[in-house]
Amino acid sequence: MEFSIKTLSPEKAKLGCVVLGVYQEKDLTAPARRVDQASQGALRGTLQDFSAKAGSTLLLRALPGIAAERVLLVGLGERAKFGESAYREALRGAALALRELGARNAALFLVDVRVGAKPLSWNARHAVACVREAFYRFDEMKSGKKAPAPALAEVVLPISSNDQIRNAVREASATADGADLARTLGNLPPNVCTPSYLAEEAKKLARQYKLRVEVLERRDMEKLGMGALLAVTNASHQPPKLIVLRYEGAAKSKKPVVLVGKGITFDTGGISLKPAGEMDEMKYDMSGAGSVLGAIRALAGMRAPVNVIGVVPTCENMPGGHATRPGDIVKTLSGQTVEILNTDAEGRLILCDALTYAERFEPDVVVDIATLTGACVVALGHVVSGLFANDEKLAGELLAAGDDAWDRVWRLPLWEDYQEQLRSNFADFANIGGRPGGAITAACYLARFTRKMRWAHLDVAGTAWKSGREKGSTARPVPLLVRFVLRHAGRK
Ligand code: BES
Ligand code: MN
Ligand code: ZN
């Protein structure tokens, strides 16, 4: 799907569809008013059939005096409540309607409504993001006749073009490509999306985008002494991998941002077995890994002037005769020993060795992304991801990038007071800290491996996928990561 930026008049544009915004009070946006005038009030005449709630739509065909074949009215909700959410709802509603139409091209006359004090480049960026997301499909596992691809091939953003807006569209298109990858990796079943599959995907990206890639195998991990990662993979028949994928878009002297993604391709809990209900959703336990590959695809695709290294520890967490037992003590790559009191707290075990490994890249900053704790879902629900950081500036940058990308995070504490919950009588510390503050003690565990670096941790357990009828990966936090890396490099 192509996005172009050009000014058009809504009444004269010869397109398959013209999309116009209407507030719930039946206030017309400026382009809607023009179409209403050109059609001698035909547009206003339809409004009694239209709620104009944010994201609702009404399709009009063959309006008199209008060149476009169709006019799609989109509700913007109440004028007083209009903001980021309503704008994005409207875009999503419009895109879902466009997907069902036969129109080959359309113009979104929504993109020039002011959203607070946001620049129009923000509007353009989110228009691309929302439309691309609505057009995402995952049907490669369905047999039989597939629905034909949607007809819509060109979307016009009818605003006057400048460098900032062209950049925003390029950035958003590349980000959507990265999000599509993360989404598909998440949605693929765990018998397909194995650690080896993720490694092959990383190699494919390396070929496509000319990146450097390296995959550490089990024997490499053994030689290095990654006892924690190896403990998690013990009972799996799938070989573990540690993927290192590098995008070098800036001078060699520039220190890299290192992104570390949890890549548990299926989390049964191991010997501390999870209950059966909804266990299928633990295929999404590699969403952190998917978001790292997706973010790198995005940044490479837009040729961003940044250096980024993705580090992805990936394996399965299975029960079995060779499985790690509750009570086992292992030695991590850092040299610290851990008493594994619950084999279901496996994410932190693979991440701690990957974070120690990341030290060798002398990172500017390290950000890990993980579907780490059910406790984070209890604390923050499915709206925002949990943020933890040992550096104030880094925390601020991630919060701001999350707002900008509308892929928001909320900071939770990482105070030393919580560390005593990880006390162990037998090893340096344990891998669990009890029920109180479960998301925090998980982050505190990771903090013990990142003291030498500026580091942040994103717990995306509540945001990486949706359950129920809408079950599917959300590709979060790809938009946040891309925005963060760009802003961190000075691109606003
Ligand atoms: N992958 C899960 C976390 C998770 C659970 C994410 C549910 C999304 C929904 C993680 O490996 C896990 O099992 N964590 C345990 C930790 C506990 C044993 C300390 C949890 O949250 O229950
Ligand atoms: Mn687990
Ligand atoms: Zn897990």
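Predicted model: local features only at pLDDT ≥ 70, side-chain atom pairs only at ≥ 80, totals over all residues.
Is Gln419 buried or exposed? Residues are numbered from 1 along each chain as its sequence is written, chains are lettered from A and ligands numbered from 1 in the order in which they are written, and side-chain values use heavy atoms, with hydrogens and water left out.

Now the answer. Gln419 counts as buried, at 7% relative accessibility. Buried means under 20% relative accessible area, exposed means over 50%, and partly exposed is in between, with a 1.4 Å probe and protein chains only. Gln419 sits in the loop between strand 16 (409–411) and strand 17. Strands here are DSSP runs of E, at least two residues long, and helices are runs of H or I, at least four; both are numbered from the N terminus. The side chain of Gln419 makes a polar contact of 2.7 Å with that of Arg448. A polar contact is a pair of N or O atoms within 3.5 Å; within protein, one must be able to donate a hydrogen and the other to accept it, and residues adjacent in sequence count only if both atoms are side-chain atoms.

Strand 17 takes us to a sheet. This open sheet has 3 strands, in the order 12-13-17, with mixed pairing. Strand 12 (329–331) and strand 17 (429–430) are at the edges, and each has a single partner strand, so one side of each has no neighbour in the sheet. Two strands pair if DSSP finds at least two bridges between them. Strand 12 and strand 13 (residues 337–339) run antiparallel, joined by 3 bridges. Look for Val330: it stands opposite Val338 in strand 13.

Next, strand 10 (residues 263–267). Of its 5 residues, 5 are buried. It runs parallel to strand 11 (residues 307–317), and 4 bridges join the two. Asp267 has Asn317 in strand 11 as its bridge partner.

Ser196 and Thr265 are 69 residues apart in sequence, and their C-alpha atoms are 10.0 Å apart in space. Ser196 belongs to helix 5 (residues 195–209). It is partly exposed, with a relative accessible area of 24%.

On to the ligand. How many residues are around ligand 1? There are 16, and Lys274, Asp285, Asp344, Glu346 and Gly374 come nearest. Near means that a heavy atom of the residue lies within 4 Å. The shell divides into 5 nonpolar, 4 polar and 7 charged residues. An oxygen atom of ligand 1 lies 2.7 Å from a polar backbone atom of Gly374. A nitrogen atom of ligand 1 is 3.3 Å from a polar backbone atom of Thr371. The protein covers 76% of the 510 Å² of accessible area that ligand 1 has on its own. Those areas come from the Shrake-Rupley method with a 1.4 Å probe.

Last stop: cysteines. How many disulfides does a search of the whole structure find? It finds 0. A disulfide here is a pair of cysteine sulfur atoms within 2.5 Å. For Cys193, the nearest cysteine sulfur is that of Cys315, 13 Å away. Cys193 is buried, at 1% relative accessibility. For Cys315, the nearest is that of Cys352, 12 Å away. Cys315 is buried too, with a relative accessible area of 0%.

Terms used. Nonpolar A, V, L, I, M, F, W, Y, C, P; charged D, E, K, R; others polar.
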